[in-house]
Amino acid sequence: MDTEISTTPPLKKARKGKISVFLVSLYNIHKFIIRFFKEAFVQPFEFKEIVRQCYEVGVRSFTLITLTGFIVGLIFTKQSRPSLGQFGATSWLPSLVSIAIMRALAPLVTALIAAGKVGSSIGAELGSMRVTEQIDAMEVSGTKPFKFLVCTRVIATTLTIPILATYTAFVAMFGGYINVAVNEGTSLNTFVQGFFDPLTFTDFTSSLAKSIVFGFTIGIVGSYQGYYSTKGTEGVGKAANGAVVTAMFLIFIEEIVIVQITSWFR
């Protein structure tokens, strides 16, 4: 019996398969984001669920964000002192801390912490609802699971991450002040004045823009990973892990892009 022999190398087939899967994933993500914007701003609005999700994202992350922000400000100030001390410029520490925290550290650290805590939680929660067919049951009953489950979570992260990032900046400022006060004897008024003097309107707006973009990314990635989870309990774990890894990767890419755009206005 004659048999057909494929002339396409197995490695080339595998590459084509991976490219196809990647392109299909991009298309599905695009549809998911478009669907969010179509349903998020159409009545009825799930205000109670949005408030509950804001509580889950913000208040439940409060302790971790506080500790992380304080340590970041304290350690950054401690590590920067020797370099400035070589030039006799330790008085510039408040300005250096403020620029580093407001321009980069506060929104980035907050987003990374939230991606690990909130993103994984959203992915696991929606993933478990998908594999236990709760989402299918909501669709059959005539409710709108996408609006109730996805839109509320994405809106909550988009609103809450900027607030957390602002709080992180002030906590980090306090951590920096503790280090400067102990080593230099600088008063609080002097430190606060030196902290805000070098900052411009562009610094505040870019930090706010980063936080909003990061919050949206965390919400949309976690929701997408969980909403389309498959393969039972294994899929729930993959959804949580995928939400964290993908969100962190996109956050770094967005950081680079926004920094480049902001540099054009400085």
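This is a predicted model: local features need pLDDT of at least 70, side-chain atom pairs count only at pLDDT 80 or more; totals for chains, interfaces and linings use all residues.
Residues are numbered from 1 along each chain as its sequence is written. Local features need pLDDT of at least 70, side-chain atom pairs count only at pLDDT 80 or more, totals for chains, interfaces and linings use all residues, and side-chain values use heavy atoms, without hydrogens or water.

**The core.** Select F32, F36, F146, V150, I220 and I251. These have the most contacts inside the largest nonpolar core, which has 32 residues. Such a core is a set of buried Ala, Val, Leu, Ile, Met, Phe, Trp, Tyr and Cys residues joined through side-chain atoms within 4.5 Å. Buried means under 20% relative accessible area (1.4 Å probe, protein chains only).

Beyond its neighbours within four places in sequence, F32 is in contact (heavy atoms within 4.5 Å) with F146, V150, I220, S223, Y224, Y227 and Y228.

**The pocket.** Move to S25, N28, I29, Y224 and Q225. Of the 24 residues that line the largest pocket, these lie nearest its centre. A pocket is an open set of points on a 1 Å grid over the protein atoms alone, where a 1.4 Å probe fits, with protein on both sides within 12 Å along at least five of seven lines; lining residues have an atom within 4 Å of a point.

What makes up the lining of the largest pocket? Its residues are 12 nonpolar, eight polar and four charged. Here Ala, Val, Leu, Ile, Met, Phe, Trp, Tyr, Cys and Pro count as nonpolar, Asp, Glu, Lys and Arg as charged, and the others, Gly among them, as polar.

Methods
Buried means under 20% relative accessible area, exposed over 50%, partly exposed in between (1.4 Å probe, protein chains only).
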